[in-house]
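Have a look at the sequence and the model before reading on.

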Amino acid sequence: MELADAVAGVVGQLRLLDDCVAGLGPADFARPTRLEGWQVAQLVAHVGASHLPTYLASPSAAVAELDLVGWATGCAPAAAGVDERAQSMAAEARPAELKSLVRETRIAVTTALADVDERFVVPARFGAIRLLDYLASRCVELTVHSLDLTAALDREPMLDPTATATATRALAHVLAATAPGRSVEVRVPPYAAVQAVAGPRHTRGTPGSVVETDPVTWLELATGRLDWTAAMSQRRVQASGERSDLSALLPLLS
C-alpha cells in the first residue's frame, strides 16, 4: 500500500459520504441499519466523529505500538465505547446538525491530509500507529460504513475505488498475518491476492485451495456484515480445495 493511495481513499470516501448524507431527509435518519441498535442517525454521528484532524495536529508519537493486525484485534474491545458515543451524539443532534458534522469533518480531514509526513506516528487513543496503517484502517471503516448506510437506504453501494482497493488490501494483509501459511490463495480481484492458512505448500501452478470473491463481499465477510455460510449459499464466494472453508477465520474484526 502507498501513502498517497491511502490519503486519496480517505478523502474520496468521505466526499461520497458527505454527498450522500447531505441529501438525506429527516425520515431517513430514523431508518434502522444492520448494526444492532443503530439507526442511520447513530451511523452518521459515528462517521462524523473522526479524531484524525486532532491526531495530525498533535506531535508524532515516538514509536508505533500497533500495526494493522493490532488495530483489527483491538476493534472488538472498543465496540462498547464507540456505541455509547454514537448514541449520545445522535440523541443530542438534529439531522441538520449531523449533516454539518459530516461536512465539517470532511473539510477538516481533507485539510489535515493535504501535507503529511509519511514518518508521522499517529498518537491514536488505542495505541500509537504509523500513518499509513492508520489511514488504511480509516479506509476500512469508511468503506464498510458506506456499505452500512447504502444498505439502510436501499441503495447501490457507494464506494471510492481507491478507498476500496486500500481497504481490501488491508484486510487481506490481516488475514495473511493472522492465519499464516501457503495452502490457500485468497483472491479479491482486481485488488488483492494473498496466501494464508497453514498446510501443504503448493509451489507450482494454482494452489490446492482457492477462495475468490468480489471486494464488497470481502469487506462484508471480513467485518462481520456477512457470514461465510450465507456468502456461499448466495454464490458470492467461489471456494475450492480441502482448506478453502474460511468460516473459522472470519470475521477479522467486528
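Let's start with a side-chain pair: Ser146 and Gln13 make a polar contact through their side chains, at 2.8 Å. Keep in mind that this is a predicted model. Ser146 sits in helix H6, and its relative accessible area is 0%, so it counts as buried, the cut-off being under 20%. Beyond its neighbours within four places in sequence, Ser146 touches Gln13, Leu17, Met158 and Leu159.

Now for a residue with another setting. Glu118 is in the loop between H5 and strand E1 (121–122). Is Glu118 buried or exposed? Its relative accessibility is 62%, so Glu118 is exposed, given that the cut-off is over 50%. Here are the two side by side:

| Residue | Relative accessibility | Contacts beyond four places in sequence |
|---|---|---|
| Ser146 | 0% | Gln13, Leu17, Met158, Leu159 |
| Glu118 | 62% | Leu3, Leu131 |

Glu118 also gives a handy distance: its C-alpha atom is 41 Å from that of Gln234, which is 116 residues away along the chain.

On to the largest pocket, which has a volume of about 1,100 Å³. Its lining takes in 45 residues, with His46, Cys75, Val82, Glu141 and His145 nearest the centre. By type, the lining residues split into 26 nonpolar, eleven polar and eight charged. Helices H1 (3–22), H2 (40–47), H3 (52–57), H4 (68–92), H5 (95–112) and H6 (131–152) each put at least two residues into that lining. Which helix gives the most to the lining? That's H4, with twelve residues.

How values were computed. Residues numbered from 1 in each chain as written. Predicted model: local features only at pLDDT ≥ 70, side-chain atom pairs only at ≥ 80, totals over all residues. Heavy atoms only, no water. 1 Å grid on protein atoms, 1.4 Å probe; cavity = no way out; pocket = protein on both sides within 12 Å on 5 of 7 lines; lining within 4 Å. Points joined across faces, edges and corners; volume = space filled by probe spheres on them. Helix = DSSP H or I, 4+ residues; strand = E, 2+ residues; numbered from the N terminus. Nonpolar A, V, L, I, M, F, W, Y, C, P; charged D, E, K, R; others polar. Buried < 20%, exposed > 50% of the residue type's maximum accessible area, 1.4 Å probe, protein only. Contact = heavy atoms within 4.5 Å. Polar contact = N/O pair within 3.5 Å; in protein donor to acceptor, adjacent residues only side chain to side chain.
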